[in-house]
Amino acid sequence: MFENLFKENKKTGLKIIIVGCGKVGTTLLQRLRDEGHDLNIIDQNPTVISELSGTYDVLAITGNGATHSVLDEANVKEADLLIAVTESDELNLLTCVLANQASDCATIARVRQPEYVPETHYLREKLGLAKIINPELEAAKEASRILLLPTALEVNTFAHDQVELVKIKVPDDNLVVGLSLAQISARVGLDVLVCVIERNDELIIPTGAMTIQPGDVISVLGQRRIVKKFLAEIGFKTEAVRNCIIVGGGRAAFYLAKHLLQMNIDVKIIENNKERCEYLAEALADATIINGDGTSEELLREEGIEYADAFIPLTGVDEENIFLTLFAKSISKAKVITKINRMNYKNVINSLDLGSVIYPKTITTEAIIAYVRARQNSADRNNIETLYHMYDNRVEAIEFLVDQESEVTGKTFAELKTKDNLLVACISRNGSIIIPRGSDSIHVGDAVTIVTTHTGFNDITDILKK
């Protein structure tokens, strides 16, 4: 009776089951459906299932995904992938285990509790999971990278963290204003590449003749130390923050504080719940934990917000985080990072000039889409190492692992006919980082990072004009 529950694939679209249809599950449903995959969904809330089944052409099942009967109803035996993103770590893990026993499908679990972090590798290996995703942990890593380079709006990493793609806004009086990218390269003499320019809502994948204008938002790629040196050369401050105030003591705050303390950055956490404060004081012995209302102007001033190097609101309420960010920007020069959970209203959020904004649910979605694209290309090859969506999903930066000969290998870039609005930005080869020129070429074994306004690339050969 289940033979035709999945509709016919679009080309090589995968058959995917999503268990848990909260914000992350719904976002995955939208994004994976847009990429041409066949989706079946499971959630215990009948209202959610009714709404989604009325909006999307999917098989929607009300029930517990950690039961054989419900997984059978979702046709797990025919699935290529199951993604468990319910609110319960344990339910996600159990669902994946049962799916692995019932079929050959790959499984991905969202697991967020700190006590599971040291067990991640063990759980993946013993339970046979393809991936474990921890959005709060990944958000903390992203925030800590920004605090190491606080003039950056965004910092993405490639080549096992050897290469950074750093987004900055060019001040009106910056020395690069009025210069072409070729002139900047000649003047600075550093091996970096400007990959994207955003100007008045227009996105440009630039050539060397492109000129920087006041207010441009640009993304610069290169090795970490070289990008930092480049920014210093053109007048940006590059010193890491020395101290940070965090409002909210949840999982994201715990992970971030742990990272910052390891970086010798002083951390102060303001948390309203006394029991949570006691836990944080024990778990983060070197941090200062304040039991109080982090939205109180009086308390924030008392704890030194006006003189802090960094201020990060990590409450569970987006509106509070936005309000606190705007307040901090109005009374201090602190570097602010705002965590936003909801994916809608991005245009409104962007208009508020909040600075660096982190979306944990986007991080989760992108990690899963990267895996799905790689698996879509070949069930036996995972050739997408990293995927980032930038500039409100209008730009993709993708790192491909080149594991076999193809039309792109062995030819110089001068010979390759690549698509417009695309840059081959970086090659990682045997530990060395190459910012490619026309005489360079791609070899088997390389990790190649491309930046493009195209979407849906599954393989390195997609860079070529057809």
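What volume does the largest cavity have? The largest cavity has a volume of about 90 Å³, and the structure holds 3 cavities of 30 Å³ or more. This is a predicted model in which local features need pLDDT of at least 70 and side-chain atom pairs count only at pLDDT 80 or more, while totals for chains, interfaces and linings use all residues. Residues are numbered from 1 along each chain as its sequence is written, and side-chain values use heavy atoms, with hydrogens and water left out.

A word on terms: on a 1 Å grid over the protein atoms alone, a cavity is a set of points where a 1.4 Å probe fits but cannot get out, and a pocket is an open set with protein on both sides within 12 Å along at least five of seven lines; lining residues have an atom within 4 Å of a point.

Here are the two spaces side by side.

Helices (H or I, at least four residues) and strands (E, at least two) are DSSP runs, numbered from the N terminus.

Let's start with the cavity. At least two lining residues come from each of α6 (135-148), α9 (251-262) and β16 (335-339). Among the lining residues are Glu136, Leu256, Thr338 and Lys339.

Threonine 338 sits in strand β16. This threonine is buried, with a relative accessible area of 0% (buried means under 20%, using a 1.4 Å probe and protein chains only). Its side chain makes a polar contact with the side chain of threonine 325 at 2.7 Å; such a contact is a pair of N or O atoms within 3.5 Å, and within protein one must be able to donate a hydrogen and the other to accept it, with residues adjacent in sequence counting only if both atoms are side-chain atoms. Leaving aside residues up to four places away in sequence, threonine 338 also touches others, including Asn321, Leu354 and Ile358 (contact means heavy atoms within 4.5 Å).

Of its 22 lining residues, Leu193, Pro206, Leu423, Pro436 and Arg437 are the closest to the centre. α7, β9 (193-199) and β20 (422-429) each supply at least two residues of this lining.

Conventions. Grid points are joined across faces, edges and corners, and a volume is the space filled by probe spheres set on the points. Buried means under 20% relative accessible area, exposed over 50%, partly exposed in between (1.4 Å probe, protein chains only).
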